[in-house]
Structure formats: structure tokens, C-alpha cells
Amino acid sequence: MNTKIRELRKRTKLSQEELAAAVGTTRQTITSIECGKYTASLVLAYKIARHFGLTIEEVFDFSQVKES
Amino acid sequence: METSVERMKEILRRRLIVGSFLVSGVGILIALQVYNMFRPFVGGENYADFLSGVQLGLLIGVDLVAVFFLAKYLGLLRDEKRMRESFVQENDERNAAIAAKVGVSSYGFTSVGLVVAAVVAGYFSIGAFVALLGAMVFEVLVRLALYLYYSRKF
């Protein structure tokens, strides 16, 4: 899943480490989410979106999620 | 779920208590092994020195690992920042997902490995064959029990 996390971090001059500490996860998890290798859980996605003052849909790109 | 500092300290203290019992218990087993206290009960002359050495090495290994973790937990109790970082690492969702995948994937490999080993061992030693078969049955029973437990929990 694509995300705007890297863009948002650069805009707010936040490192991966700082974002990870702010949302209670590890830097490796943030890296994996940014690369699209790992999909964040609902709770973590909410925490990340809330940290940037945005909604989940504004941070995470759901356009590629197939509808059943 | 967020874990408060007090809850983290409580968890670490409980681990320290359990770890201390483990270190003491294994220490007693090591002492018994060193003084050959088990020899009269395990076949006497048939109890090979090699086997005794391997068992002693395993017990010492378990004790060293337990002591390492006790020292780590004591250190964490004294440093709140490191304690929080440690708990974040332990409870990280990506690490948990990796561990779950490893558990599921490795079950197939170990099951097939045990079956093959049991078949091959059966040509050489009935004791080894029964031990490997027992290990396979134990693995299946543990998996079944965990499946039932987690099916009810979630």
C-alpha cells in the first residue's frame, strides 16, 4: 500500500526515528510502511494520521485495494 | 495497547522472579549432574560420558541465557527510557507479524523433517525412532491445543 508518510515527514522535518517514537513503534516498521512492504494495522494507521493532523485516507492510499 | 511505566515495571519484576527460580533450579540440576547424582538412576554403566557432557552443556547454556536476561531486565528497571524502547520493540506489530509468519511456515518444515528423520532413524535405532515419533506427536498436540486456545480467544 502506498502512503504519503515520507512526504509528510519531510514537510514537517521529522525523522523516521522521531515518528516511530511518537506513535509507539519501531523505526524499522516505519521504513517498511513507507516502502509499501508492510501494511499498518488500523490502530497504527490512525496514530500516524493523527500525528500529522490528517485522516487515515489522506495519509494512506486505498485506491489499489480491490473491492470483493 | 499502550503500557504504562508501572505496568512495564510490574511485568519486568514478574520476569525477574520467574527467571530467578529458573536460574536456581537449573543451578541445582547442574550441581547434581556434576556430582553424578543422576548416574544410579539412568542405567549406570550405559550412561555415556559424552551424553552426560552434552546434558551438562545444555543446562549451563540455559542458565547462562537466563542470567543474561535477568541482568538485562535489572538494567531496564533502572533506566525508564531504555525500558520503554525495549517494550516498544517487544510489542511492535511488524515484529509480531514476522514471528507469526515464521511460526506458521516453520511448522511444515519441522514436521516433514521429523517424519523423514524418524523413518531414517528407524533403520538404525528403535529408541531414536520412538523419540522422534514422540516429538512429532507432541508437536501436533501442542499445535492443536494452541489452535483451540486462540480460536476461542479471538
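## Aromatic rings in chain B

F68(B), F69(B) and Y73(B) are linked into a cluster by ring pairs, where rings of Phe, Tyr and Trp (its six-membered ring) pair if their centres lie within 6.5 Å, and planes under 30 degrees apart count as stacked, over 60 as edge-to-face and the rest as tilted. This is a predicted model, in which local features need pLDDT of at least 70 and side-chain atom pairs count only at pLDDT 80 or more, while totals for chains, interfaces and linings use all residues. Residues are numbered from 1 along each chain as its sequence is written, chains are lettered from A in the order in which they are written, and side-chain values use heavy atoms, with hydrogens and water left out.

By the pairing rule, the count over all chains is four aromatic pairs. Two of them are tabulated here.

| Pair | Class | Centre to centre | Angle between planes |
|---|---|---|---|
| F69(B) and Y73(B) | tilted | 6.0 Å | 40° |
| Y150(B) and F154(B) | stacked | 6.0 Å | 5° |

Both F69(B) and Y73(B) belong to helix α2 (residues 49–78) of chain B, where they are four residues apart, about one turn of the helix; helices (H or I, at least four residues) are DSSP runs, numbered from the N terminus. Y73(B) counts as buried because its relative accessibility is 13%, whereas F69(B), at 33%, counts as partly exposed (buried means under 20% relative accessible area, exposed over 50%, partly exposed in between, with a 1.4 Å probe and protein chains only).

Terms used. Helices (H or I, at least four residues) and strands (E, at least two) are DSSP runs, numbered from the N terminus.
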